[in-house]
Amino acid sequence: MSFGRQPSDSTQVALFNNVKYTFHETLSLRKRQELEHLLNRHGAEKVDPDQEGGGQVTHIITTRDFERDSPKSKDPPFVVTPFWVKRAILNGFVHDPIFYSPKAEMIFSGMVVTAPTLPDSDKIAICAGLQQFGGQYRDSLTKDTTHLVAISEYGRSYERAAARQMPIILPHYFDACLKARRRIRLDMYSFPNPPLLCAPTTVDRERKEDEADKKDKTKVYSPLQDLIYPPYASRFGDEEYQIEMKTPDERFLQGDCIYVEPGVVHPSEEDALKSWLEYLQNEAGATIANEYDKDRVTIVIALNRSTPTYIQASQDGKIVASKWWLTNTISRRARELPMTTLIDYPWPEGGIPGSESYVVSISGYKGTARDYLRRILLHCGMTFAPSLSKGTTVLICSSVNQEKYMRAKEMNIVTVNHIWLEECFSQWRLLPPTDTRFFHFPARDILRSLVGKTSHEAQRLERWWKDPANKPEEIPLPTIAWTLIPKDLKSESSGKYISQRKAAEAAATSLQDVYVPDMNAYQNEKRSKRTQNLQSTPEDIDERSSKKQKSDSEEEASDVQSQVKSESSKRKSKSPTPPALESSSSSNRSSQVEKKSPPARSNRKAKEKVVDALKATSAAINFTEKPKILFTAIKSTKEMEVKLKRLGGTCVNSVDKATHLVVKDRVLRTPKFLCAVNLGINIVTLDWLTDSFETGQWQDPTKYIPKDEKNKHNLEASLKLAREMRETEGSRRHAANSWLTGFDVHFLQSDEAKNKGMYDIVTTAGGKVTQRLNTSGISDSLLVLSFPEKKERWEGLKDNGIPVYDTDMIVVGSLNQCLDLEKYRLI
């Protein structure tokens, strides 16, 4: 049975013939009424699947994907977007429902594209990408085409498409979408005069754009793509923003009953919560419940994903949301599912395991987007750094044309876009930054417009409530208080007085930016904040004191203002500090460098201890030199080299240039391996690379030293001994007191020995290879070596009393870092 008029059918067939539809709850009442009118007028029938005799549903119309009992797309009910209806009316026939999927990964859903003027290779590439991600391709400009791809403003196809007011875009658009795995905005790639072709390419132009953004600020809060809102009054830069509680066009929560779990908001925010609920009740039509009733409540506002209320409500099939969803719903004036955005769904109680070692800075994201990303990374368990320093491990930026990006590259700091952070939070694991989605930086503010586009997947969220005993692992976090920022609170530069109570609230808010995993040492948590400034080198301090790009300065000022960090402790007010915050305040004061009152010696020693401790914990992440990788018995791939480059490493082809030698899984006897032992460089298994790629940071090489189960060589001890006996001079490491130092080595089969790398092994062990053998003047420092099977060369030396040794003495000597003359003597 066919559903709807096909292209080959007569116009006498109803457009939506045999279509029995229903609407999913994601659609607003107004949208439902509009679609119902169109569908019914063209032969469709609306059915209610919950009523007896309602009939079988063939199409479910929704804007969001949802979990179904029968997810097969080839059988009804088909899940389609409202665009399927509208395109059918415009075209005069229906398309296959699979091309109108609401799934987030189907980024080209609803698109019908043609590129008649492009080379065949480009057509094939675009067609393949479209079909893989939900779109359709046409060989020519047809009635149902939605987008024309072109590289110039000439040609008949261009004129016809322009006459139809069809979007005409550059082929670069599809490459950008595929790299980001997101459907990005068209305007940057649209004719006439695509802005991409004249996009800014210098820091200067990026700065002008940032200055223009600042001038365009309005006092009314501006949402990002109708997805992200602060839960209450927020501050970005010098402007203050408030949520507008306008009367909605419809009672979009009619029939919903909301229950708010106790403790969702701070006691100081109870009045704000009461006003939100009153609005949703009086203006949106919701009812408010004082306790959880399975038969009555439809929406539960939960504190986090560990509370019994969250688990029970999820198991009961209720809509579970965070307090952010309340204010977001007020601002949207529409009912959206909480899984639509990361911030609308309840947060986990703790952080992602391993995230405590991440110190993250943000560049290029302004206002709401910056605040949103900062909150996400803090809830992941990472530490936020307003400016770059030696301790920064990751920079999240929106463009390669920013000063912070360039500085991060010079400092060997991993650079990614915001998609990395959102995906880490969504999947609840630390993803390696080597995925192309994470280091794609399209022109201008395209990435900024994608902030908040990542949504939750139902299957991943089930891990928290289906079997709570086996929920995803979390690390503990300090108390995070999203306290209201008082309107009269000004920055230090304003010189205005801040009351004791306001300062206490501000200091409490600043705790959200600190994470130290030892929850039992809370005072140490606060003292560790002092290390943020101490981690900077003199070069960093000089760089920050110099004249910088205005955009970065504004970002850091915004961070300080929005977090109200150490500013309150530096104010000139003489108001006493509350005891609970005394440690934090004093630590901030002591971290400031003042000419009149230098820090005390005891404070300086304490700071040094903290810095040393932090350096020790990050030793596996920050190297004094970029890792230079050499492989032996393994062939490196292009993919591997790209991932190495993303982490700041490089491939080299010489052992004396390498810092790490990578082997598969065991001790080898290859020349590269033996030279590496003699040089004392890190020798690691392939698992070291794999784990470094997966975690996004270099792992401790001492945990990946290969074992020799067969011959029982203790490679770890040999490497330690080699390092103790050597010293570095320039780029080549020379022996200072190695195990062959002072010996001259002569190979009877010199050509064969040279081909087998014996010369290099001897040299790296401190020995010297001699080409000629003078039988009349043999010294004790001369070692004559031969391959055992070549007796014809060394038997003649027996009469002259010249000892000959097996070449294996060099091999085993390198592995053990010692010389055993008796064991390997042939004559």
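Trainee: Which is it for His-713, buried or exposed?
Mentor: This is a predicted model, where local features need pLDDT of at least 70, side-chain atom pairs count only at pLDDT 80 or more, and totals for chains, interfaces and linings use all residues. Residues are numbered from 1 along each chain as its sequence is written, and side-chain values use heavy atoms, with hydrogens and water left out. Buried means under 20% relative accessible area, exposed over 50%, and partly exposed in between (1.4 Å probe, protein chains only). His-713 has a relative accessible area of 14%, so it counts as buried.

Trainee: Which side chain does the side chain of His-713 join in a polar contact?
Mentor: A polar contact is a pair of N or O atoms within 3.5 Å; within protein, one must be able to donate a hydrogen and the other to accept it, and residues adjacent in sequence count only if both atoms are side-chain atoms. For His-713 the distance is 2.9 Å, and the partner is Asn-816.

Trainee: How many residues does the largest nonpolar core have?
Mentor: In soluble globular proteins, nonpolar side chains tend to be buried together. A nonpolar core is a set of buried Ala, Val, Leu, Ile, Met, Phe, Trp, Tyr and Cys residues joined through side-chain atoms within 4.5 Å. Phe-174 and Trp-420 have the most contacts inside the largest one here, and its residue count is 100.

Trainee: Which residue does Arg-335 form a salt bridge with?
Mentor: A salt bridge puts a side-chain nitrogen of Lys or Arg within 4 Å of a carboxyl oxygen of Asp or Glu. Arg-335 counts as buried, at 14% relative accessibility. Its closest N and O atoms in the bridge are 2.7 Å apart, and the partner is Asp-256.

Trainee: Why are Asp-120 and Lys-123 separated by about one helical turn?
Mentor: Helices (H or I, at least four residues) and strands (E, at least two) are DSSP runs, numbered from the N terminus. The side chains of Asp-120 and Lys-123 meet in a salt bridge of 4.0 Å, N to O. They are about one helical turn apart because they sit three residues apart in helix 3.

Trainee: How many salt bridges does the count come to?
Mentor: Some are linked in a network, made up of Arg-182, Glu-423, Asp-435 and Arg-437. By the salt-bridge rule, the count comes to 20.
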